[in-house]
Amino acid sequence: MAGSKLVLEGRISIISFISGLGVIIIPLLVKFGSHIDWIFDYLTDVNGKIAIAAYITVVNGFLLLIYKGPLYKVAVRACFLGFAFGCGLILSLADTAWTHFGWYMCSLSLFHYSEYLVTAIINPRSLSLDSFLLNHSVEYTIAAVSSWIEFTVEKLFIPEIKQMNWLCLVGLVMVLCGDSLRKAAMLTAGSNFNHIVQNEKAQSHVLVTTGVYALFRHPSYVGWFYWSIGTQIMLCNPICILGYTIASWRFFRERIEEEEISLIHFFGEEYIEYKKKVFTGLPFISGIRVNS
């Protein structure tokens, strides 16, 4: 049953993501076919934006026709993330001052889509719409919107701090490494990984101490922590860099303490010994205190 869920919903998400990503066809046509009259007339400037809107409307209608109920909900979310990734690519490759915002769009959409896809691969029993993490929390949504507002306001009124520079590249490297570490942690943990802290030990639950877990006790949190801060460094958002650092640090400190209570309950001395040998991976976070 879980295997069929992986095949069906995973396949739907891939098809839908690629369908949304197909939006890049329009600017590619303009770039390489602008010498053709109809392409120049209908796909440049305002007409190009209308064509993009029409494309995503048609794709959404197509998904609505072929998928029903929960499957449509998976498809439309994956399609939206593919569309956002495609728009990010367009901005990244265009001759524009918004290049690093394009990088941000790509990294944000890929992060959320890959959370769902990797969950479908490693733990299909826990797969749900929440696996996209699009509705992670009210605080997460506020943080994302705040970063968009800060970037736009500073771009309009202090454009000099939004110029492409080495800091943007540092942020990009942090984003790529952070997300790669998180996905490596998910794949290494396999069916032991869950987006929700577990209070009851499953029969198949084992303590994973190999791979990236030999480097950090909580590599998925380490990856997410540096990914989130990296997005703001990439955008040159000074206020959100500070805000994201403080908010992420506080969130993961509480989350790790909560999770380690369960892990000590599940694995006892085995986890305590592991805890002594391997640090959390996050600065100034040692996890739950254990009396010797």
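The crossing of helices H6 and H7 is left-handed, a term applied when the near helix is turned anticlockwise from the far one by less than a right angle. The model is predicted, so that local features need pLDDT of at least 70 and side-chain atom pairs count only at pLDDT 80 or more, while totals for chains, interfaces and linings use all residues. Residues are numbered from 1 along each chain as its sequence is written, and side-chain values use heavy atoms, without hydrogens and water.

H6 spans residues 99–122 and H7 residues 138–157; helices are DSSP runs (H or I, at least four residues) numbered from the N terminus. Their axes, which are lines fitted to C-alpha atoms over the stretch in contact, with angles from 0 to 180 degrees between N-to-C directions, come within 12 Å and cross at roughly 165°. The two helices are therefore roughly antiparallel (angle over 145 degrees). In the contact (heavy atoms within 4.5 Å), H6 contributes His100, Phe101, Tyr104, Leu108, Phe111 and His112, and H7 contributes Tyr140, Ala144, Ser147, Trp148 and Phe151.

The largest nonpolar core has 47 residues. Such a core is a set of buried (under 20% relative accessible area, 1.4 Å probe, protein chains only) Ala, Val, Leu, Ile, Met, Phe, Trp, Tyr and Cys residues joined through side-chain atoms within 4.5 Å. Tyr213, Trp224, Trp227 and Leu282 touch the most other members. H9 supplies the largest share, nine residues. Beyond four places in sequence, Tyr213 is in contact with Ala185, Thr188, Ala189, Val208, Pro219, Tyr274 and Val278. Another core, of 19 residues, lies apart and includes Ala78, Phe85, Tyr113 and Phe132.

Key: Angles under 35 degrees count as roughly parallel, over 145 as roughly antiparallel, 65 to 115 as roughly perpendicular and the rest as oblique. Buried means under 20% relative accessible area, exposed over 50%, partly exposed in between (1.4 Å probe, protein chains only).
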